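I am going through this entry by topic and noting what I looked up. The notes follow the order of my searches.

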Amino acid sequence: MPWDRNQMAARAAEELEDGMYVNLGIGIPTLVANYVGDKEITLQSENGMLGMGPFPYEGEEDPDLINAGKQTITELPKTSYFDSSMSFAMIRGGKIAAAILGAMEVAENGDLANWMIPGKLVKGMGGAMDLVAGVGRVIVVMDHTNKHGDSKLLKECTLPLTGKGVVDRIITNLGVLDVVEGGLKIVETAEGVTEDELRAATEATIVN
Amino acid sequence: MKKVYGSAAEALDGLLFDGMTIAAGGFGLCGIPELLIDAMVESGVKDLTIASNNCGVDGFGLGKLLDTKQIKKMMSSYVGENAEFMRQYLSGELELEFNPQGTLAERMRAGGAGIPGFYTKTGVGTVVAEGKEVKTFRGEDYILEEGIFADLSIVKAWKADTSGNCVFRKTARNFNPPAAMCGKVCVMEVEEIVQPGELDPDHIHLPGIFVHRIIKGEHEKRIEQRTTRKREDV
């Protein structure tokens, strides 16, 4: 059985180590926060906050306190606030240990595409280009194939890039792969998924 | 010199002209200069180039200046929440320059700090790098980005003293300090004006030197995505 969204998030949470400062993207990456257990992880929100807390209780929403997805959130005792240039100083400056984010395509050389589809509505890259260029480790969490069943792990990206050679590890519903010299290397497969099944669903070169 | 003005319209008097470049604070609808945007709509100033992370939503925030077709060009990182924006953009009425969010913030900060350009690795190898100088430092490629020098900054803080020292609240700070810094003139709207000495000098987020005119008013503070959790049973 391939992993579901929550299992992918739980697997991604295993990548995080005690004491890390981490930025989580929208979608499945947001769920990772539910699986960090006892590890002390500090979440950064690029609109200007370290130490992001959970959603507020109904009636306690504060319009001055939102995350990068513009959702109302809360603060923690360790929280700090800062302006956008300071926020990206810590991102670009390599102070954030890891970013976990979704993707439309990843290439075997680590190229990442997750911000625009030509001919479709372009909303903008937000902070994604800064994050993938700056943080210590870029972990992509996404489905292995698109809705047509085509591999999202490619020899080369077809969509406009968010970053070149930036991805370190990919966690999909079928397993975990690392970007290494010459292609992708299988780290593990989801329970019940064989290496052959994973290879068959992958266009990118898989090296041993 | 008196910095406190009676209304947004008074504070903008003599500062607006067609074709000007404006830096605006805010992230989504959080920390946006609502009162100054309304006064700009009233003024009818047009052909504006606006550097702002987003462009409001339909009918609120900078979206109001879109409805009246006063904006010629946006410099933003994300504009997804606005149908009128997309309509004007796709029909060619509105120009759009996408900037990575951190690049936009740093371009404002740099402009305000007297730095005309800087090198960054954000966007290397992407469409953002097209037409920009590439330089190699310590074996890695970086692209040249230019500082933003705006004619006017419209920004929002929580509190200011009458000399312009400002304090922001939570994530409503966001782009406001760098946007405030990069304008020739900065007009700041706040929720509360206090006397000098009432703000702790060690806790000032933006020193008054960057702030030329101040107004106080009521803010709607619309929430874009209201997300909550259930109270666990005790």
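**Salt bridges.** I searched the whole structure and got 27 salt bridges over all chains. The model is predicted, and I keep that in mind throughout.

I looked first at Arg11(A). Its partner is Glu188(A), with the closest N and O atoms 3.0 Å apart. Arg11(A) belongs to helix 1 (residues 5-13) of chain A and Glu188(A) to strand 12 (residues 183-189) of chain A, so the pair links distant parts of the chain, 177 residues apart. I checked how covered the two are: Arg11(A) is buried at 7% relative accessibility, while Glu188(A) is partly exposed at 28%.

Next I took two pairs in chain B. Arg87(B) and Glu93(B) meet through their side chains at 3.2 Å, N to O. Arg87(B) is partly exposed at 38% relative accessibility, and Glu93(B) is partly exposed at 37%. In the other pair, Lys184(B) bridges to Asp151(B) with the closest N and O atoms 2.9 Å apart. Lys184(B) sits in strand 11 (residues 183-190) of chain B and Asp151(B) in strand 8 (residues 150-156) of chain B, so this contact ties together parts 33 residues apart in sequence. Lys184(B) is exposed, with a relative accessible area of 61%.

I then followed shared partners. One network joins Arg11(A), Glu14(A), Glu15(A), Arg137(A), Arg169(A), Asp178(A) and Glu188(A).

**Cysteines.** I searched all chains for disulfides and found zero. Cys182(B) is in no disulfide either; its nearest cysteine sulfur, in Cys186(B), is 9.1 Å away. I noted that Cys55(B) is buried at 2% relative accessibility and that Cys182(B) is buried at 4%.

**Strand 5 of chain A.** I asked which faces of this strand (residues 98-101) are covered. Both are: Ala98(A) and Ile100(A) are buried on one side, Ala99(A) and Leu101(A) on the other. Strand 1 (residues 21-24) of chain A pairs with strand 5 of chain A in the parallel sense over three bridges, and Leu24(A) stands opposite Ile100(A). Strand 8 (residues 137-141) of chain A is also a parallel partner of strand 5, over four bridges. There, Val140(A) is the bridge partner of Leu101(A).

**A sheet in chain B.** I traced an open sheet of three strands in the order 10-9-12, with mixed pairing. Strand 10 (166-167) and strand 12 (192-194) are at the edges; each has a single partner strand, so one side of each lacks a neighbour in the sheet. Strand 9 (residues 159-161) of chain B runs antiparallel to strand 10 and is joined to it by two bridges. Lys159(B) stands opposite Val167(B).

**Helix 5 of chain B.** I compared its length with expectation: the 12 residues (101-112) should span 16 Å at 1.5 Å a residue, and the end C-alpha atoms are 17 Å apart, which agrees. The helix is mostly covered, with 10 of its 12 residues buried; among them are Leu104(B), Met108(B) and Arg107(B). Just after the helix, Gly114(B) has a positive phi of about 75°.

**Surface patch.** Last, I looked for nonpolar residues on the surface. Leu121(A), Tyr89(B) and Leu90(B) form a patch with about 300 Å² of accessible area together. Leu90(B) lies in helix 4 (residues 83-90) of chain B and is exposed at 62% relative accessibility.

Technical notes:
Residues numbered from 1 in each chain as written. Chains lettered and ligands numbered in written order. Predicted model: local features only at pLDDT ≥ 70, side-chain atom pairs only at ≥ 80, totals over all residues. Heavy atoms only, no water. Disulfide = S-S within 2.5 Å. Buried < 20%, exposed > 50% of the residue type's maximum accessible area, 1.4 Å probe, protein only. Pairing = 2+ DSSP bridges. Expected span 1.5 Å × (residues − 1). Patch = residues over 30% accessible without salt bridge, like charges linked within 9 Å, V, L, I, M, F, W, Y side chains within 5 Å. Areas by Shrake-Rupley, 256 points an atom, 1.4 Å probe, with all protein chains shown as cover. Salt bridge = Lys/Arg side-chain N within 4 Å of Asp/Glu carboxyl O.
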